[in-house]
Amino acid sequence: MTIIMGAISGDETILTSDSLASEDYYQSEYGPKVFTLSGWVIGVSNSFTALQILQSSLALAEECPMPAAEHELEDISILSLGLLRPLITDVIGTEEIEILIGGGGKLWHIQADWAVFPLPYAAIGSGSSYALGSYYSQAGTTPAKDRLLEASKAAEFFCPSVKGPFHTVVAGK
């Protein structure tokens with residue numbers, strides 16, 4: 001499983017992820033589960049296939065370009081349901097995934113049923129409860145980027161399916 005955590009800091013949207021790939025008793029270092037695309041930051045949990053599709057799909061980059069993150073999207077569900085869902089489900093079927101996506105100082109959690117929630121900070125994956133608690137407990141003490149890293153380390157300490165190194169991507173100024 002994983003930890004992917006995101007937060008808004010002014011005009012920036014920051015995502016952090018661990019590097020572990022795990023399935024039952026199998027564990028291997030995988031690499032970042034977060035990336036940038038057209039001014040957006042994106043993190044995917046529960047499916048390396050979905051992550052790889054979003055990272056490398058020419059259809060996403062050329063045939064169905066992402067709107068610029070600076071563009072005001074009042075309804076991110078158009079992006080979720082109109083672009084991301086068909087792209088992923090056409091290839092991998094109905095596998096449940098979760099996505100954090102942000103840009104322009106905004107962050108959304110796209111849940112496994114494709115419901116979309118705007119949030120000031122969020123976490124997905126098996127270590128999410130630990131990370132959220134740690135992030136909340138640090139409120140007002142350090143910058144968001146540092147809090148995300150510390151929260152991810154808390155998830156690593158308490159959750160055996162979370163392991164660094166941790167990777168951070170930032171969209172915005």
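Which residue forms a salt bridge with Lys33? In this predicted model, where local features need pLDDT of at least 70, side-chain atom pairs count only at pLDDT 80 or more, and totals for chains, interfaces and linings use all residues, the partner is Asp18, with the closest N and O atoms 2.7 Å apart. Residues are numbered from 1 along each chain as its sequence is written, and side-chain values use heavy atoms, with hydrogens and water left out.

A salt bridge is taken as a side-chain nitrogen of Lys or Arg within 4 Å of a carboxyl oxygen of Asp or Glu. By this rule two salt bridges are counted. The pair of Asp18 and Lys33 links distant parts of the chain, 15 residues apart. Asp18 lies in the loop between strand S2 (12-17) and strand S3 (20-23), and Lys33 in the loop between strand S4 (26-29) and strand S5 (34-37). Both residues are buried (under 20% relative accessible area; exposed means over 50% and partly exposed in between, with a 1.4 Å probe and protein chains only). The other salt bridge joins the side chains of Lys153 and Glu150, at 3.7 Å from N to O. Lys153 and Glu150 are three residues apart in helix H5 (residues 144-158), and are therefore separated by about one helical turn. Lys153 is partly exposed at 37% relative accessibility, and Glu150 is partly exposed at 38%.

The protein chain contains five helices and eleven strands, assigned as DSSP runs (H or I, at least four residues, for helices; E, at least two, for strands) and numbered from the N terminus. Of its 173 residues, 48% are buried. Contacts are defined by heavy atoms within 4.5 Å. Among contacts between residues at least 6 apart in sequence, 61% join residues at least 24 apart. The chain exposes about 8400 Å², of which carbon and sulfur atoms supply 54%; accessible areas come from the Shrake-Rupley method with a 1.4 Å probe.

Strands are said to pair if DSSP finds at least two bridges between them. An open sheet of four strands has the order S10-S1-S2-S11, with antiparallel pairing. Its edge strands are S10 and strand S11 (167-171), each of which pairs on one side only. From one strand to the next the twist averages 15°. S1 and S10 run antiparallel and are joined by four bridges, and Gly6 stands opposite Ala122 in S10. Helix H4 packs on the sheet, where it touches S1 and S10, and its direction makes about 155° with that of S10. H5 also packs on the sheet, touching S1, S2 and S11, at about 160° to the direction of S1. These angles run from 0 to 180 degrees between N-to-C directions, with axes fitted to C-alpha atoms, for helices over the stretch in contact.

In H4 (residues 128-137), the buried residues are Ser128, Ala131, Ser134 and Tyr135. Viewed down the helix axis they fall within an arc of 135°, so they line one face of H4; the arc is that of the directions from the axis to the C-beta atoms. The cover over these residues includes strand S1 (4-9), strand S10 (121-124) and H5. Ser129, Tyr136 and Ser137 are exposed on the face turned away from the buried side of H4.

S5 and strand S6 (residues 40-45) pair in the antiparallel sense over four bridges. Phe35 has Ile42 as its bridge partner in S6. Two residues lie between the strands of this hairpin, in which Ser38 takes a positive phi near 50°.
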